[in-house]
Amino acid sequence: MLRCSIDDMILRINNEECFEAVSDDYSFTLKIDDYVPYVCGAVHDGHHFRKTLWDNCIHTQYERWYEEDPCTKQMVQSHPIVISGCDSRFEYDLNRPEETAIYTDAWGKQLWKTPLSEVEREHSLQKHRNFYKVAKALIHKLESRFSKVLVFDMHSYNWKRWEREVPVWNLGTSNIDNERFGGLAERWRERLQTIQLPHGIPSTSKINDTFQGNGHFLKFITREFDNTLVLATEISKIYCDEHTGIIFPEVVHAVERQLKILIPEMVTTFEKTEV
């Protein structure tokens, strides 16, 4: 893996180079093994939280982990193009626009003991901007090579906090062009439901049941690119113990192994469908 500046990453993309790199500030990673018409993203996978913020943060490390999406990068790591955040959403949230990317409170609890200085805010927001500069360059390159592009926007959510039965898989489609792509979203939902999970966990899947796909990553790509479909795909945290932080690697592996088959199948369906 390389360590690259943002300009270097964009130059490599423009030159259609294959590479794997971390940004020079260690805020995100990008792997391109081949230029294919799909991308896997895991914007909330990261847990890094820079040291200058530690003493000012009211939330504990566990509370931050609880709201992050651990292992979502691992679930798609075998695919040719993967972009993933390294920093915690509690430093800045890649799935929010820049104006609201830095929380003042989080899930009903004040985040900072004292308001962040402009220097600290700018440090975080520059990393947010850099991520989207590279994401934009990447999708632009893929749209220039292929007639259309598919983005799998991977997330997870805490199912135990819900007071009703919720699906293992949720697709958020409220901000895609459902007239063009609604049928494809349904095809993806059907595929997710075929995943076989350990311990008899049923692989239920629904659309807009727990979340509706309101994230900035989806909205940004949808706004900037006419021929790219983003499938905001959330898995409930059946792959870990939400209350202790223990990861169940056999469940993560089962998801990764089957997504390795299902995602390319979905890409083939996408390519064959006129939209």
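Reader: In this predicted model, is H199 buried or exposed?

Author: Exposure is judged by relative accessible area, and the cut-off for an exposed residue is over 50%. H199 has a relative accessible area of 64%. Because that value lies over the cut-off, H199 counts as exposed.

Reader: Where is H199 found, and what is its phi?

Author: H199 is found in the loop between α5 and β10. Its phi is positive although the residue is not glycine. The value is near 65°.

Reader: Which loop holds C71, and what is the phi of C71?

Author: C71 is found in the loop between α2 (61-67) and α3 (72-76). C71 is buried, with a relative accessible area of 14%. As a residue other than glycine, C71 has a positive phi, near 75°.

Reader: Is E186 buried, partly exposed or exposed?

Author: E186 has its place in helix α5. Buried means under 20% relative accessible area and exposed means over 50%. At 27%, E186 therefore counts as partly exposed.

Reader: Which residue has a side-chain oxygen that reaches a backbone nitrogen at the start of α5?

Author: The backbone nitrogen belongs to E179. A side-chain oxygen lies within 3.2 Å of that nitrogen, and this oxygen belongs to D177.

Reader: Which residues have the most contacts inside the largest nonpolar core?

Author: The largest nonpolar core has 86 residues. F152 touches residues that include Y38, V39, W188, L231 and I263, not counting residues up to four places away in sequence. The residues with the most contacts inside the core are F152, W188 and L259.

Reader: How many aromatic pairs does the structure hold, and what is the angle between the planes of F131 and F217?

Author: A pair of aromatic rings is described by the distance of the centres and the angle of the planes. The structure holds 16 aromatic pairs. F131 and F217 form a tilted one, with 6.0 Å from centre to centre and an angle between the planes of 55°.

Reader: Which helices does the pair of F131 and F217 link?

Author: F131 and F217 are both buried. They are 86 residues apart, so the pair links distant parts of the chain. F131 lies in helix α4 (residues 118-145) and F217 in helix α6 (residues 216-224).

Reader: How far apart in sequence are the parts that Y157 and F211 tie together?

Author: Y157 and F211 form an edge-to-face pair, at 5.5 Å centre to centre and 70° between the planes. Y157 lies in strand β8 and F211 in the loop between β10 and α6, so the parts tied together are 54 residues apart in sequence.

Key: Residues numbered from 1 in each chain as written. Predicted model: local features only at pLDDT ≥ 70, side-chain atom pairs only at ≥ 80, totals over all residues. Heavy atoms only, no water. Polar contact = N/O pair within 3.5 Å; in protein donor to acceptor, adjacent residues only side chain to side chain. Helix = DSSP H or I, 4+ residues; strand = E, 2+ residues; numbered from the N terminus. Phe/Tyr/Trp six-rings, centres within 6.5 Å; stacked < 30°, edge-to-face > 60°. Buried < 20%, exposed > 50% of the residue type's maximum accessible area, 1.4 Å probe, protein only. Core = buried A, V, L, I, M, F, W, Y, C linked by side-chain atoms within 4.5 Å. Contact = heavy atoms within 4.5 Å.
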